[in-house]
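Subject: Structure handover

Hello,

Here is the structure I said I would pass on. Please open it and keep it beside this message while you read.

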Amino acid sequence: MEYTGSKYIGEYVDGRMEGKAKYILPTETVYVGEMKDGMFHGEGTLYYPNGSQYDAVWENGLAIKVWLNSPIWTHLEKSPKAGMIVETASITRSRG
């Protein structure tokens, strides 16, 4: 994974990232939680470099439930793309 700028520390099943893991993105955002078939899956938290965190239940890489105690989200959401949108926004360069 290091060729993408990401670093994976965790378990593998049949050569795929699966089980408990720590996944460090090039933006220095860190995911700690469960993986399945190479994707965030189960309970996990994204920790951002600015100190905020995103606690969620993930299904096939998408946030399906945000925990009420998550500091950056103040109400329960069922937002399948929320986590990926937040991460994409943090790595997208502006043009201009």
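The notes below go from the whole chain to single residues.

This is a predicted model, in which local features need pLDDT of at least 70, side-chain atom pairs count only at pLDDT 80 or more, and totals for chains, interfaces and linings use all residues. Residues are numbered from 1 along each chain as its sequence is written, and side-chain values use heavy atoms, with hydrogens and water left out.

Overall layout

Read from the N terminus, the order is β-β-β-β-β-β-α. Of the 96 residues, 34% are buried. Here buried means under 20% relative accessible area, exposed means over 50%, and partly exposed is in between (1.4 Å probe, protein chains only). The accessible surface is about 6,300 Å², and carbon and sulfur atoms account for 53% of that; these areas come from the Shrake-Rupley method with a 1.4 Å probe, and for residues only the protein chains shown count as cover. If you take the contacts between residues at least 6 apart in sequence, 10% of them join residues at least 24 apart. Contact means heavy atoms within 4.5 Å.

The core

In soluble globular proteins, nonpolar side chains tend to be buried together. In this model the largest nonpolar core has 15 residues. Such a core is a set of buried Ala, Val, Leu, Ile, Met, Phe, Trp, Tyr and Cys residues joined through side-chain atoms within 4.5 Å. The residues with the most contacts inside the largest core are Tyr 23, Tyr 31, Met 35, Phe 40, Leu 46, Tyr 54 and Trp 58. Two or more core residues come from each of β2 (16-24), β3 (30-36), β4 (39-47), β5 (53-59) and β6 (62-66). Leaving aside neighbours within four places in sequence, Met 35 touches several residues, including Tyr 8, Met 17, Ala 21 and Phe 40.

Strands β1 and β2

Strands β1 and β2 run antiparallel and are joined by six bridges; two strands pair if DSSP finds at least two bridges between them. Tyr 8 sits in β1 (residues 7-13), and its bridge partner in β2 is Tyr 23. The C-alpha atoms of Tyr 8 and Tyr 23 are 4.6 Å apart, although 15 residues separate them along the chain. Tyr 8 counts as buried because its relative accessibility is 10%. A polar atom of the Tyr 8 side chain lies 2.5 Å from the backbone oxygen of Glu 11.

Two loops

Which loop holds Asp 14? Asp 14 is in the loop between β1 and β2. The hairpin of these strands has two residues between them. Asp 14 is not a glycine, yet its phi is positive, about 50 degrees. Asp 14 counts as exposed because its relative accessibility is 78%. Asp 37 lies in the loop between β3 and β4 and has a positive phi of about 55 degrees, although it is not a glycine. At 38% relative accessibility, Asp 37 counts as partly exposed.

Thr 45 belongs to strand β4 and is buried, at 8% relative accessibility. The Thr 45 side chain makes a polar contact with the side chain of Asp 55, at 2.8 Å. A polar contact is a pair of N or O atoms within 3.5 Å; within protein, one must be able to donate a hydrogen and the other to accept it, and residues adjacent in sequence count only if both atoms are side-chain atoms.

Regards

Terms used
Helices (H or I, at least four residues) and strands (E, at least two) are DSSP runs, numbered from the N terminus.
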